[in-house]
Amino acid sequence: MPSLTLPECPRYISPPATKEELEFANLTVIDLSKVHSPEGRQELYPKLRDALRTQGFVYAINHGYTQAQRDRIFDIANAFFTLVPPDEMKTYTGNIEKDGYYYGYKGRQIWKLDEENRVFDQIEQYGLHRNVTKLPHPQAVRPFLPELDAFSRHNHFKVLHPILRLIALSLELPEEALVEKHSFDGEGETAIRFMKYYMRSKEEEEKSKNVWLKGHTGALVCLSRIDFGSVSILWSQPVGGLQIQAPDGGWKWVRHIDNALVINTGDMLGFLTGGYYKPTIHRVVQPPEDQHEYERLGTFYFSLSDDNVRLLPCVESPVLQRVGIERQCPDEDAPLSEVWRKARTTTYGVVDLQKGMERDVEEEVVEGIVVKHYN
């Protein structure tokens with residue numbers, strides 16, 4: 001990313017990290033600089049495997065972007081919400097229910113958090129296809145498209161593909177087995193997403209018990225919904241809110257680490273690995289008290305398998321043959337990636353949920369498969 005010829009963009013000043021004593025999750029750190037050698041990958045894949053199977057989340061460091069490059073991306077992310085006039089935002093607002101993907105703007109108060117008390121989300125977002133020139137964008141942000149293209153490709157080839165290779169190794173599969181299902185140029189909806197979380201009124205916070213997005217297993221909530229994909233990449237930022245569910249059922253905060261990535265698995269990887277990698281239940285809550293005055297700006301790369309991939313377990317994996325395969329449906333009923341994506345996207349936050357058998361769990365049925373939402 002050239003440093004002397006970048007178009008001007010207002011600086012986004014990151015808020016300070018919380019000083020509150022919180023119960024943080026002790027997440028494993030994966031050094032991506034080691035993925036470039038066979039020896040390094042052999043060292044990393046057991047760490048990644050054990051972390052994802054026990055906690056569902058890892059940090060990734062040394063991913064190839066400098067702190068300055070990371071900060072510049074947050075400048076650009078904020079520009080989508082500060083430089084574009086409201087009338088133009090309406091022009092570039094996506095039709096999620098019709099299109100089945102999250103491109104363009106999504107306004108606030110679309111997703112239902114509590115139907116009975118009429119509490120809705122306060123999240124504004126903008127989504128870009130990984131091919132950032134596939135769809136048009138507001139005029140003010142067009143000068144940043146070359147940088148966004150580089151950012152998209154970096155996430156895909158320098159982060160996502162190495163992680164997929166490590167997961168394949170953990171399953172004793174050829175290294176490219178999962179990479180081949182997540183191409184950059186094929187038909188699919190892997191995407192960049194910028195999200196801004198705004199504070200709600202005190203009354204709304206009390207009604208929703210301070211939860212901004214309900215807990216979910218890879219499909220629902222925290223990252224707005226796209227955890228129904230394969231691997232989610234969050235660029236760490238200092239305003240707290242992301243929590244993961246511990247094995248004892250409690251919730252632990254995810255700590256901010258400068259220029260680190262927070263990576264978790266989603267529904268599609270659960271399908272492809274026969275339940276070996278289960279999506280972690282996580283949610284977004286109100287920030288700690290000393291951060292209440294700040295908006296929370298999120299930058300994400302949500303990966304999905306290619307549209308034509310049928311979400312079947314990799315039965316050729318010797319590991320899955322040894323430990324057994326958990327199927328969510330018969331193989332003949334396994335949905336295509338495209339079908340699952342559209343079904344999950346068009347129902348998220350808008351359909352009425354049914355009370356589940358477990359405490360504080362609501363459910364919906366998508367393509368014949370029960371999806372749980374954790375309150």
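Author: Let us begin with the rings. This is a predicted model, and its structure holds 12 aromatic pairs.

Reader: How does one classify such a pair, for instance that of Phe 157 and Phe 184?

Author: The angle between the ring planes decides: under 30 degrees counts as stacked, over 60 as edge-to-face, and the rest as tilted. The planes of Phe 157 and Phe 184 stand at 35°, with the ring centres 5.4 Å apart, and the pair is therefore tilted.

Reader: Which parts of the chain does this pair link?

Author: The pair joins distant parts of the chain, its two members being 27 residues apart. Phe 157 belongs to helix H5 (residues 145–170), whereas Phe 184 lies in the loop between H5 and strand S7 (191–197).

Reader: Is Phe 184 buried or exposed? And how is Phe 157 classed?

Author: Burial is judged by relative accessible area, with under 20% taken as buried and over 50% as exposed. Phe 184 has a value of 6% and is therefore buried. Phe 157, at 38%, falls in between and is partly exposed.

Reader: What geometry do Phe 300 and Phe 302 show?

Author: Phe 300 and Phe 302 form a stacked pair, with 10° between the planes and 5.3 Å from centre to centre. Both of these residues are buried.

Reader: Which residues do ring pairs link into a cluster?

Author: The cluster consists of Phe 80, Phe 81, Tyr 105, Tyr 126 and Phe 194, connected through ring pairs.

Reader: Over which rings do the charged ends of Arg 70 and Arg 283 sit?

Author: Here one considers the position of the charge relative to the ring centre and the ring normal. The charged end of Arg 70 sits over the ring of Phe 74, at 3.8 Å from its centre. That of Arg 283 sits over the ring of Trp 251, at 4.1 Å from the centre.

Reader: What is the wider setting of these features?

Author: The chain has 375 residues, of which 58% count as buried. Its secondary structure comprises 9 helices and 17 strands. Among contacts with a separation of 6 or more, 76% are between residues 24 or more positions apart.

Note on methods: Residues numbered from 1 in each chain as written. Predicted model: local features only at pLDDT ≥ 70, side-chain atom pairs only at ≥ 80, totals over all residues. Heavy atoms only, no water. Phe/Tyr/Trp six-rings, centres within 6.5 Å; stacked < 30°, edge-to-face > 60°. Helix = DSSP H or I, 4+ residues; strand = E, 2+ residues; numbered from the N terminus. Buried < 20%, exposed > 50% of the residue type's maximum accessible area, 1.4 Å probe, protein only. Lys NZ or Arg CZ within 6 Å of the ring centre and 35° of its normal. Contact = heavy atoms within 4.5 Å.
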